[in-house]
Amino acid sequence: REGSYGIDVESSSSMFRITEARLDVKGGRMTALITLGGTGYGKLFMGTGEEALAASEGDYIPFVENGEGKYTYSVPVEALDREIDCAAWSIRKEAWYDRVLVFQSGRIPAEDLADLPGDGRYAIDVTLSGGSGRAGVKSPASLDIRDGIMTARLVWTSPHYDLMEVDGGKYYPVGGEGNSVFEIPLSHLDGEIPLRAETVAMGTPHLIDYTLSFDSSTMVPEKRNPTFLTVTAIVLAAGLAAGLIIGRKARKG
């Protein structure tokens, strides 16, 4: 749920001690304002020190001195309760130092925490309203979350849609033959998302107003395709068996 929360942050180094942290959630993204106990680090990079060396200055996060003279940094948070790499630039030694941070969820109310999914791919129930009611989208839909950015994969029950307009952006079908499939970004869940979709079912293209709604309470991690796994296992087993047979024949020869 969107809001601001006081949180605890675990650091892998006593030299990089976070005395205060506040998590802000807005538009499907999480950002933390962290305050360090010292003033020895001039900038941060969310990644390893090696990655920081290859990055540009615009990728670094500079400190902002607060009213008490302490150094604060506004950093993106990929997920809670998970180790995240962070490199810190030592002003005195002029070098990057690797740190590992864990942004802990313990102080966030349970009802709010339920609305903060981590990175991954999920199945989520979706409803579509508007139009004539003859077309719809398949539910559950697939929701991909990466670095706090949400992207939904929508499969229409019709092959005749060739454009979707969502939040000022235009999106076109992905994939090949069959029903129309779109991948669209989401700014939030649990609320109406107005959109327009163009259909050519009537010969002449028509833009139709619709509303989407995604129910976060139904989110579950997507499972891998069991058929694919089974076929892969069979192929591997067959290959292993063939190798054993050839090996036995070679030894006999």
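# Notebook: cores, sheet, rings and charges

**Entry 1, the largest core.** I began with the largest nonpolar core, which has 26 residues; Phe16, Leu23, Ile34, Leu44, Tyr73 and Phe103 touch the most other members. At least two residues of this core come from each of strand E3 (18–26), strand E4 (29–36), strand E5 (41–45), strand E8 (71–76), strand E9 (83–90) and strand E10 (95–103). I note here that the model is predicted. I then looked up what Ile34 touches. Leaving out residues up to four places away in sequence, Ile34 touches Ile18, Glu20, Ala21, Leu44, Tyr71, Thr72, Tyr73, Val75 and Phe103. Another core lies apart from this one; it has 25 residues, including Ala141, Ala152, Phe182 and Ile184.

**Entry 2, the open sheet.** Next I traced the strand order. Five strands make up an open sheet, in the order E1-E3-E4-E8-E7, with antiparallel pairing. Which strands stand at the edges? They are strand E1 (3–6) and strand E7 (64–65); each has a single partner strand, so one side of each has no neighbour in the sheet.

I went through the pairings inside the sheet. E3 and E4 pair in the antiparallel sense over eight bridges. Leu23, which I had listed among the core residues with the most contacts to other members, has Ala32 in E4 as its bridge partner. E4 and E8 run antiparallel and are joined by five bridges. On that pairing, the bridge partner of Thr35 is Thr72 in E8. Thr72 is also one of the residues that Ile34 touches. E7 and E8 pair in the antiparallel sense over two bridges, and here Val64 has Thr72 in E8 as its bridge partner. As a general point, strands of a sheet pair through backbone hydrogen bonds, either parallel or antiparallel.

I looked up Trp96, which lies in strand E10. Is Trp96 buried or exposed? Trp96 has a relative accessible area of 14% and is buried, because buried means under 20%. Not counting residues up to four places away in sequence, Trp96 touches Lys43, Leu44, Phe45, Gly49, Ala52, Leu53, Tyr60, Ala87, Ala88 and Trp89. I also checked Thr48: it is 48 residues from Trp96 along the chain, and the two C-alpha atoms are separated by 8.6 Å.

Trp96 belongs to one aromatic cluster with Phe45, Tyr60 and Trp89. Lys43 lies over the face of Trp89, at 5.1 Å from the ring centre. Lys43 was also among the contacts of Trp96. I counted eight aromatic pairs. One of them is Trp156 with Tyr161, which is stacked, at 3.9 Å centre to centre and 25° between the planes. Both Trp156 and Tyr161 are buried.

- Arg107 forms a salt bridge with Asp8, the closest N and O atoms being 3.1 Å apart. This pair links distant parts of the chain, 99 residues apart: Arg107 is in the loop between E10 and helix H2 (110–113), and Asp8 is in the loop between E1 and strand E2 (9–11). Asp8 is partly exposed, with a relative accessible area of 38%.
- Arg121 and Asp144 meet through their side chains in a salt bridge, 3.5 Å from N to O. This pair also links distant parts of the chain, with Arg121 in strand E11 (residues 120–130) and Asp144 in strand E12 (residues 141–146), 23 residues apart. Arg121 is partly exposed at 40% relative accessible area, whereas Asp144 is buried at 14%. I noted too that Arg121, Asp144 and Arg146 are linked in a network of salt bridges.
- Lys70 and Glu68 meet in a side-chain salt bridge, 3.8 Å from N to O. Lys70 is partly exposed, with a relative accessible area of 34%. Glu68 counts as exposed at 65% relative accessibility, because the cut-off for exposed is over 50%.

Notes. Residues are numbered from 1 along each chain as its sequence is written. This is a predicted model: local features need pLDDT of at least 70, side-chain atom pairs count only at pLDDT 80 or more; totals for chains, interfaces and linings use all residues. Side-chain values use heavy atoms; hydrogens and water are left out. A nonpolar core is a set of buried Ala, Val, Leu, Ile, Met, Phe, Trp, Tyr and Cys residues joined through side-chain atoms within 4.5 Å. Buried means under 20% relative accessible area, exposed over 50%, partly exposed in between (1.4 Å probe, protein chains only). Helices (H or I, at least four residues) and strands (E, at least two) are DSSP runs, numbered from the N terminus. Contact means heavy atoms within 4.5 Å. Two strands pair if DSSP finds at least two bridges between them. Rings of Phe, Tyr and Trp (its six-membered ring) pair if their centres lie within 6.5 Å; planes under 30 degrees apart count as stacked, over 60 as edge-to-face and the rest as tilted. A charge sits over a ring if NZ of Lys or CZ of Arg is within 6 Å of the ring centre and within 35 degrees of the ring normal. A salt bridge is a side-chain nitrogen of Lys or Arg within 4 Å of a carboxyl oxygen of Asp or Glu.
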